[in-house]
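Several labels are attached to parts of the structure below. The questions ask what each label rests on.

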Amino acid sequence: RMDAFWQDRGLIHVGKNPLGEELWSTQSLVQLESATLHMADTATQQRQHGLSTAAVAAVINSRPTLTDEQATAVRYVCEHSGSVATVEGLPGTGKSFMLDTAREAWTAAGYHVIGAALSGKAALGLQDSAGIPSATLHARLTEWRQPGALTAKTVVVIDEAGMVGSRQMADVMQTTQAAGAKLVLVGDHRQLQPIEAGGIFRAMAARIDTAQLTDIRRQ
């Protein structure tokens, strides 16, 4: 099996990880990831989803317990006009409270906000803590393939995005961008890793503007 593996012409060497271990992939997956990252670059340049500074400030001011970095993240995901945004946050930094605030701003501006996560438990957590109706990513992708399921007035929030494999993330990106919807990816690449071939959230967060939440509030 290994002899056949090394003889596969689709196999390519992609470098080493921080531990010095060799990393390998396939030409088709590298091309898929490159195309998805290019799509993300293009999506950040679009100019149709930004909310006004005054509208976002009104929501932020109504929540006095919001921290400065949470408020900065809300401004980024709401005022930034691109159709893709990424947020990285350590555990306990209040990602859900930040998203609940952003949801309020989007809803007030006439957007329909929906969420998804790889696991059902994470989707339920997003729904309960941020008030965003959510389901598993697999179920959502099936739903979003129906005509009219997503529009330019839809905001899609993916929680625990660091666990999403590259192929599924490419599907999410293609589906949301084709509909003109806004995609917000929230996660922490240092936590649980993708089950399938992945790491694209980490690459995307390093490539485009990303809000960072580092002040742990849980304790």
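Q: How do you know that helix α2 and helix α9 pack against each other, and at what angle?
A: In this predicted model, the axes of helix α2 (residues 27–44) and helix α9 (residues 200–207) are 10 Å apart and the angle is about 35°. The α2 side of the contact consists of Glu33, Thr36, Leu37, Ala40 and Asp41, which meet Ile200, Ala203, Met204 and Arg207 of α9. By class, these are 5 nonpolar, 1 polar and 3 charged residues.

Q: Which hand does the crossing of α2 and α9 have?
A: The crossing in which α2 passes α9 is right-handed.

Q: What makes α5 and α6 a helix pair, and how do their axes lie?
A: The axes of α5 (residues 95–108) and α6 (residues 120–130) come within 8 Å and cross at roughly 65°. This crossing is right-handed as well. Ser96, Leu99, Asp100 and Arg103 of α5 meet Leu126, Ser129 and Ala130 of α6. The class count for this contact is 3 nonpolar, 2 polar and 2 charged residues.

Q: Why is Arg140 called buried?
A: The limit for buried is under 20% relative accessible area. Arg140 has 9% relative accessibility, so Arg140 counts as buried. Its place is in helix α7 (residues 137–144).

Q: What makes the phi of Glu160 worth a remark?
A: Most residues other than glycine have a negative phi. Glu160 is not a glycine, yet its phi is positive, about 50°. The residue sits in the loop between β6 and α8 (166–179).

Q: Why is Glu160 called partly exposed?
A: Glu160 has 34% relative accessibility, and because this is between 20% and 50%, Glu160 counts as partly exposed.

Q: Which residues of the largest nonpolar core touch the most other members?
A: This core has 29 residues, and those with the most contacts to other members are Val77, Cys78, Leu99, Trp106, Val157 and Val184. Elements giving two or more residues to the core include α3 (53–61), β3 (84–89), β7 (182–187) and β8 (210–213). The largest share, 6 residues, comes from α4.

Q: What is Trp106 in contact with, leaving aside its neighbours within four places in sequence?
A: Trp106 is in contact with Leu51, Val77, Cys78, Tyr111, Val113, Val155, Val157 and Val184.

Q: Which residues are among those of the other core?
A: Another core, of 24 residues, lies apart from the largest one, and Val84, Trp144, Ile158 and Ala161 are among its residues.

Key. Residues numbered from 1 in each chain as written. Predicted model: local features only at pLDDT ≥ 70, side-chain atom pairs only at ≥ 80, totals over all residues. Heavy atoms only, no water. Helix = DSSP H or I, 4+ residues; strand = E, 2+ residues; numbered from the N terminus. Buried < 20%, exposed > 50% of the residue type's maximum accessible area, 1.4 Å probe, protein only. Axes fitted to C-alpha atoms, helices over the stretch in contact; angles between N-to-C directions. Left-handed = near helix turned anticlockwise from the far one by under 90°. Contact = heavy atoms within 4.5 Å. Nonpolar A, V, L, I, M, F, W, Y, C, P; charged D, E, K, R; others polar. Core = buried A, V, L, I, M, F, W, Y, C linked by side-chain atoms within 4.5 Å.
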